[in-house]
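Morning, everyone. I have one structure to show you today. Take a look at it first, and then we will walk through it.

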Amino acid sequence: MEVPSRLVLAPMAGVSVQAFRRQGRRFGAGLVCSEMVSCAGLHHRNDRTLDYLRIATDEKPLAVQIFGSDPALMAEAARMVASAGADIVDMNFGCPVRKVTKTGAGCSLLDDPELACRITDAVASAVDVPVTVKMRRGVEDGSRTALSVGPRLVQAGAAALTLHPRSAKQMYTGTADHSLTAELVELVNVPVIASGDITSRARAHAVLATTGAAAVMVGRAAQGNPWALRAILEGPAAEPSAEEVAAELVLFIRETVQELGARRAGGFLKKFYGWYLGHGRFPRSFKSELTQIDDPEEVVRRLFAAAPGAIELVERLEAEHPSAEGVLLNLPISIYGGG
Ligand SMILES: Cc1cc2nc3c(=O)[nH]c(=O)nc-3n(C[C@H](O)[C@H](O)[C@H](O)COP(=O)(O)O)c2cc1C
């Protein structure tokens with residue numbers, strides 16, 4: 001499978017909605033990922049979970065990430081995800097959140113390499129698309145578990161590995177120690193993707209050069225800031241104008257409303273207002289004004305009032321990039337098909 005650039009947009013729960021992924025592709029990400037999808041949710045055909053399998057043609061190549069700890073359920077979930085149109089099935093062996101780890105999934109699997117390998121084998125045997133694994137360095141601080149488990153996962157069928165070299169205990173504190181990424185690259189003969197603290201072109205270059213990784217993954221730096229992806233790929237550019245920022249946010253709002261419905265989107269979008277309008281782009285008071293508003297359409301009105309030039313930009317963007325509704329894959333499993 002060919003990925004058009006060496007920049008991957010990170011899977012982030014509560015962030016990586018379709019609007020985020022499509023925008024990431026437009027700004028140069030070579031591969032985008034869904035947030036983690038519960039294999040148990042897919043098994044029970046939970047409506048919210050099936051929402052995650054809403055895939056548009058222009059977000060491909062797309063990895064859909066699944067999590068769970070039962071090999072048979074993970075294999076079933078992988079088959080559903082692949083038939084929904086995912087180009088890659090990624091498995092989450094890194095999530096440190098208690099809700100996930102207490103079920104034996106996420107980073108707990110790093111402490112149970114036998115099970116991690118059985119899951120990888122079951123999933124890789126279940127689908128024709130590449131199966132990849134994303135993991136942390138280990139559970140405890142200073143752990144080097146990823147270096148012993150990684151090669152075994154490759155033997156079991158993983159076609160690529162993403163390493164976020166923090167421990168699960170660290171959550172997001174401290175720094176990602178990419179010397180471990182370099183060690184992992186030496187140990188396996190599949191592409192390794194380096195995740196963690198890639199915030200600039202200089203950092204991306206340094207990590208690629210010192211680790212031998214095939215690609216870098218960008219997460220938090222891209223929240224409300226697709227321009228960071230372009231700057232990493234193409235070099236620093238002028239800061240986006242207020243009109244550009246407002247236009248991208250309006251597009252993001254409209255698409256998320258289509259995806260989640262106005263009521264759910266209203267609450268979900270609030271964190272994005274701060275992310276987009278920060279970086280000194282708009283006054284702090286405007287950010288807090290918008291986060292008080294529950295109706296996304298009202299937020300759009302205020303954005304247009306604050307930056308009238310955005311109206312024309314949005315029209316242009318909408319003409320160039322039709323709404324996701326128009327380009328959804330029509331495959332057996334979708335929010336509509338459910339089957
Ligand atoms: C809000 C949030 C949600 C995340 N959700 C996921 C997830 O669902 N699956 C996953 O593999 N990693 C998840 N991550 C981890 C990121 O993919 C990434 O590895 C991590 O943030 C380090 O990269 P960064 O420094 O570029 O943000 C999440 C991170 C954040 C901040």
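Here is my opening question: which residues of S4 lie on one side, and which on the other? On one side are Ile-88, Asp-90 and Asn-92. On the other are Val-89, Met-91 and Phe-93. Both faces are covered, and these residues are all buried. Buried has a cut-off: 20 or more other C-beta atoms lie within 10 Å of the residue's own; exposed is 12 or fewer, partly exposed is in between, and the C-beta atoms are placed from the backbone. Strand S4 runs over residues 88-93, and six of its six residues are buried. The names come from DSSP runs, numbered from the N terminus: helices are H or I with at least four residues, strands are E with at least two.

Some ground rules. This is a predicted model, where local features need pLDDT of at least 70, side-chain atom pairs count only at pLDDT 80 or more, and totals for chains, interfaces and linings use all residues. Residues are numbered from 1 along each chain as its sequence is written. pLDDT is the predictor's confidence in each residue, from 0 to 100. The protein chain averages 94, and 97% of the residues score at least 70. Watch residues 332-339, though, where pLDDT stays under 50. Where pLDDT is low, the predicted coordinates should not be read in detail.

Back to the strands. S3 and S4 pair in the parallel sense over four bridges. To count as a pair, two strands need at least two bridges found by DSSP.

Now Phe-67, in strand S3, residues 62-67. Why is Phe-67 called buried? Because it has 26 C-beta neighbours inside 10 Å. Leaving aside neighbours within four places in sequence, its contacts include Met-36, Cys-39, Asn-92 and Val-100. A contact means C-beta atoms, placed from the backbone, within 7 Å.

Ile-66 also has contacts beyond four places in sequence, among them Met-36, Met-74, Val-81 and Met-91. Ile-66 belongs to the largest nonpolar core, which has 79 residues. Along with Val-81 and Val-218, Ile-66 has the most contacts inside that core. Helix H4, residues 71-83, gives the most to this core, with seven residues. Another core, of 27 residues, lies apart from it and includes Val-17 and Phe-282. By nonpolar core I mean a set of buried Ala, Val, Leu, Ile, Met, Phe, Trp, Tyr and Cys residues joined through C-beta atoms within 7 Å.

Next, the ligand. How many residues surround the ligand? The count is 22, and the closest are Ala-10, Met-12, Met-36, Gly-219 and Arg-220. Near here means a C-beta atom, placed from the backbone, within 6 Å. The shell divides into 10 nonpolar, eight polar and four charged residues.

Last, some backbone details. Most residues other than glycine have a negative phi, and most peptide bonds are trans. Arg-45 has a positive phi, near 50°. Arg-45 sits in the loop between helix H2 and H3. Arg-45 counts as exposed because it has 12 C-beta neighbours inside 10 Å. His-279 has a positive phi too, near 60°. Its loop runs between helix H13 and helix H14. Then there is a cis peptide bond joining Lys-60 and Pro-61, with omega about 0°. Pro-61 is in the loop between helix H3 and S3.

Key: Contact = placed C-beta atoms within 7 Å. Nonpolar A, V, L, I, M, F, W, Y, C, P; charged D, E, K, R; others polar.
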